[in-house]
Amino acid sequence: MVGIVKDYQLSDWKEDMTTAQSIGIDAFALNCASIDSYTPTQLALAYEAAQQVNFKVFISFDFAYWTNGDSAKITEYMKQYAGHPAQMQYKGAAVVSTFVGDSFNWDAVRQGTPHPIYALPNLQDPAEATTGPAKSADGAFSWLAWPTDGGNSIIPGPMTTIWDDRFVHFLAGKSYMAPVSPWFSTHFNTKNWVFVCENLPTLRWEQMLSLKPDLIEIITWNGNTILTLYTPGKDPSPKLLYTDYGESHYIGPYSAHHSDDGSSQWAADMPHDSWRNLFKPYIAAYKSGAEVPTVEADEVVYWYRPTPKGVVCTGDTLSAPIGAGMLSDSIFVATMLTSPATLTVQSGNNAPVSIGVPAGIVTSNVTMGVGAQSFKVVRDGKTILSGRGGLEIKDSCVHYNFNVYVGSLTGGKGVGD
């Protein structure tokens, strides 16, 4: 999300990119608004940083700000960057995407850009791929990464591939960039909701390994930035890219060098870094064409909200988010095991719960209890992982927070504590 990193220096871009590279991400989608005076500066830094660390980037024009009348300006950006060494290429052409922008016609941009372009705009309705301006695109990107009937409607889970299947159907052979996201909660006065996505961090990846879409975009890196992958066999070099603190679906580090639109109220001190550990084997599996991820070392990744859903916060001018009542009061634990073991979770004052889990990656859940959270994995009578969660669950709050705290246990040590 370029709009929140106006103070980024070259070193900040390089740090983000190398962190992303460490889990198999190949490129960043750079979500850009037309109104930000610093967009040209930050795009230049992003492309320069990517070239220096052998990473790739591409522009995603945010049509909450761009319009169909901005064709000439969009063409100028593409003329400037389509042939850049750090530009992400797909099937021999420079990738360009959007947030919304369904009705934009890419023909003029294509004709005005000497280097070939590969347009993958965000379509809000997959049927648009067969009619109107969207027919000028080379494929489409879906933003529907959470259980929904469309748009920002919230429905009970679990997540299915119904929207992916519709996109594949209407694209009829054109490229499909599928969305993967671990969470979505936000608490602004203009948008105040939480989607039902509690087991989504692993369920969605399982769906991707089965569906094998052409590309995957992870929503998001810094709350609104994007990631993308290429499907093996459909492009000579499989790729993965990234996307907002404010919507709680970030997987990147919580950077100090970003502007704060008020989202620090629910995002500060709520790390999601350990989700990158969880995503890494899935990314490797996707890029190799495997049906299941390979686990190379024992690890536990957990996530949970800071309060039960029924707690009434005392100092909030807003109500609890829409969708909160659909959630369960649970602790979610993904075990990443080289061989079967027993997971034991003690949530607050609740009695310990032990679950036998097989090798591989499995998400389990236990009932949430107020207080400290502790986790233990035992194999053949020996404790191989143990530790406390990095956040205690409380039965009181000032402001509603339906974001999650994410941590991990690896080698007997807690990460995120």
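Two residues are in contact here when heavy atoms of theirs lie within 4.5 Å. The structure on screen is a predicted model.

**Stop 1: glutamine 207**

Select glutamine 207, which lies in helix 6. Glutamine 207 counts as buried because its relative accessibility is 12%, and the cut-off for buried is under 20%. Apart from neighbours within four places in sequence, glutamine 207 has contacts with Met159, Thr160 and Thr161.

**Stop 2: helix 6 against helix 8**

To see where they meet, show Pro201, Thr202, Trp205, Glu206, Met208 and Leu209 on helix 6, and Trp275, Leu278, Phe279, Tyr282, Ile283, Ala285 and Tyr286 on helix 8. By class, this contact has eleven nonpolar residues, one polar and one charged.

**Stop 3: tryptophan 303**

Move to strand 13 (residues 299-304) and pick out tryptophan 303. Is tryptophan 303 buried or exposed? Its relative accessibility is 0%, so tryptophan 303 counts as buried. Beyond neighbours within four places in sequence, its contacts include Trp183, Pro201, Trp275, Leu278, Ile331 and Phe332. Valine 404 is also in contact with tryptophan 303; these two residues are 101 residues apart along the chain, yet their C-alpha atoms are separated by 5.9 Å. Now show the backbone oxygen of glutamate 198, which the side chain of tryptophan 303 reaches at 2.7 Å.

**Stop 4: helix 5**

Next select helix 5 (residues 162-171) and colour its buried residues, Trp163, Asp164, Phe167 and Leu171. Looking down the axis of helix 5, these buried residues fall within an arc of 105°, so they line one face of the helix. Among the elements covering them are strand 6 (139-141), strand 7 (175-180) and helix 6. Alanine 172 follows helix 5 and has a positive phi, near 50°.

In the loop between strand 6 and helix 5, find proline 158. Another cis peptide bond joins isoleucine 219 to threonine 220, with omega about 10°. Threonine 220 is in the loop between strand 10 (215-219) and strand 11 (226-230).

**Stop 5: helix 3**

Select helix 3 (residues 71-81), where Ser71, Ile74, Thr75, Tyr77, Met78 and Tyr81 are buried. Those residues are on the same side of helix 3 because they cover an arc of only 160° around the axis. Turn to the face away from the buried side to find the exposed residues Ala72, Lys73 and Gln80. The cover over the buried residues of helix 3 includes helix 2 (39-53), strand 2 (56-62), strand 4, helix 4 and strand 5 (117-120).

**Stop 6: two loops**

Go to the loop between strand 4 (93-99) and helix 4 (107-112), where glycine 101 is found. Glycine 101 is buried, with a relative accessible area of 7%. Its C-alpha atom is separated by 5.0 Å from that of phenylalanine 63, 38 residues away along the chain. Valine 100 lies in the loop between strand 4 and helix 4 and has a positive phi of about 50° although it is not a glycine. At 16% relative accessibility, valine 100 counts as buried.

Finish at aspartate 380, in the loop between strand 18 (373-379) and strand 19 (382-388). Aspartate 380 is not a glycine, but its phi is positive, about 55°. With 79% relative accessibility, aspartate 380 counts as exposed.

Definitions and conventions
Residues are numbered from 1 along each chain as its sequence is written. This is a predicted model: local features need pLDDT of at least 70, side-chain atom pairs count only at pLDDT 80 or more; totals for chains, interfaces and linings use all residues. Side-chain values use heavy atoms; hydrogens and water are left out. Helices (H or I, at least four residues) and strands (E, at least two) are DSSP runs, numbered from the N terminus. Buried means under 20% relative accessible area, exposed over 50%, partly exposed in between (1.4 Å probe, protein chains only). A polar contact is a pair of N or O atoms within 3.5 Å; within protein, one must be able to donate a hydrogen and the other to accept it, and residues adjacent in sequence count only if both atoms are side-chain atoms. Ala, Val, Leu, Ile, Met, Phe, Trp, Tyr, Cys and Pro count as nonpolar, Asp, Glu, Lys and Arg as charged, and the others, Gly among them, as polar. The arc is that of the directions from the helix axis to the C-beta atoms.
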